[in-house]
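Q: I'd like to learn how to read a few features off a protein model. Could you walk me through them one at a time?

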Amino acid sequence: MEKMPMRRRTRIVCISDTHNCTVKLPKGDVLIHAGDLTNQGSYSELSRSVKWLEEADFEAKIVIAGNHDITLDKDFFQQHGNYFHNENPQSPEDCLSLFSSSPSITYLNHESTKIRLTSPSGPHTAFTVFGSPYSPAHGLWAFGYPTPQHPVYGNLTDIWDQIPLETDIVVTHTPPKSHCDESPERRAIGCEALRRALWRVRPLIAICGHVHPSRGSERVVWDLSSQHTSFKEESVVQWQDPGEGNNKMSLIDLTGKKSPALANDGSYPGRFSSSLESVSGFPLAGSILDAQATGSRTAGLGGDASSPRSDQAALTGRMGRRETCVVNAAIMKSNWPHVGGKKFHKPIVVDINLPIWE
């Protein structure tokens, strides 16, 4: 068992839904883009976005696609591409190569990676990130999956079961259900399956976009004691943007300097022990899917982590993961057809203490 590592403030700049716009970016250590770089994913659109991102001065740059970046979804584009680019055919392979050949961009397509900041002038911190472009299908757009109108456990998508339990930062294009996902019609249009996955993973930060009017942030404290109601939340605190209507930065402080520190120590079995419990030796699960051996009837249930009636894989050795900051980082404030002209949000800057790797 590793000792709890020292931590250092790391600044993460969060953006999403830029839709071909290149906004001014504040300084930071890590840049995360949560999808919809473009309007229709053409090579020319994507190349301009990649050039802008490559020129941005960040030690790490993490990017996922969104439903509008259609050429990056090869299966979708093969079936529907002519509807969008009939007169100017596009090559998904060429479009994807813009990211795979980039020396500075980490492009994630429903996968995980570990980021280690090594610059002599940087914080020398490390984190595990999972990124995915998928969102509930609505209209003819890429990376969509069907969602039931009245979801119950048995008919929800299992796509989010692949998020590793040890993930520190989750980046998805869709928001989770009921968090930063209110549509202009005042409906919660996020994904319930993702919200349940976040209860089990309980990352430090969950970054998303997609729903432009719901740009903002919420701090979600998960209820890990409920033995009867699954995937329960204890409390939700909405962020008040200090940069609204002025020249200040849109900053979220999770370090304890300006706001209470995030109640999440990133613990999981084999990494280091939680300050709130002792690890009982439950094997590390590579993903939620691996952990389903506990049985779907106990998934999302809290209580005693040693009890077979609780979600053992989600709890054992991980009780220090109690809070997640959800961030909808949509840059585009208006929606098509942008009556009165395009309007923009500021990038959201998150300060968080991450483990020092050296």
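Q: Which strands does helix 4 lie across?
A: Helices (H or I, at least four residues) and strands (E, at least two) are DSSP runs, numbered from the N terminus, and contact means heavy atoms within 4.5 Å. Here, helix 4 (residues 192-201) lies across strand 9 (169-172), strand 10, strand 11 (216-222) and strand 12. Helix 4 runs at about 55° to strand 11; axes are lines fitted to C-alpha atoms, for helices over the stretch in contact, and angles run from 0 to 180 degrees between N-to-C directions. Keep in mind that this is a predicted model, where local features need pLDDT of at least 70, side-chain atom pairs count only at pLDDT 80 or more, and totals for chains, interfaces and linings use all residues. Residues are numbered from 1 along each chain as its sequence is written, and side-chain values use heavy atoms, with hydrogens and water left out.

Q: What is the order of strands in the open sheet?
A: Two strands pair if DSSP finds at least two bridges between them. The open sheet has seven strands in the order 5-6-9-10-14-11-12, with mixed pairing. Strand 5 (111-116) and strand 12 (233-238) are at the edges with a single partner strand each, so one side of each has no neighbour in the sheet. On average, neighbouring strands of this sheet are turned by 20° against each other, direction ignored.

Q: How many bridges join strand 10 to strand 14?
A: Four, and the two strands, residues 205-208 and 323-328, run parallel. Ile 205 has Cys 325 as its bridge partner in strand 14.

Q: How many disulfides are there?
A: A disulfide is a pair of cysteine sulfur atoms within 2.5 Å, and by this rule the count is zero. Take Cys 14: the nearest cysteine sulfur, that of Cys 325, is 8.3 Å away. For Cys 191, the nearest is that of Cys 208, at 11 Å.

Q: How do I read an aromatic pair?
A: A pair of aromatic rings is described by the distance of the centres and the angle of the planes. Rings of Phe, Tyr and Trp (its six-membered ring) pair if their centres lie within 6.5 Å; planes under 30 degrees apart count as stacked, over 60 as edge-to-face and the rest as tilted. This structure holds seven such pairs. Tyr 83 and Phe 84 have ring centres 5.2 Å apart and planes at 85°, so they are edge-to-face. Phe 84 and Trp 141, with centres 5.4 Å apart and planes at 45°, are tilted.
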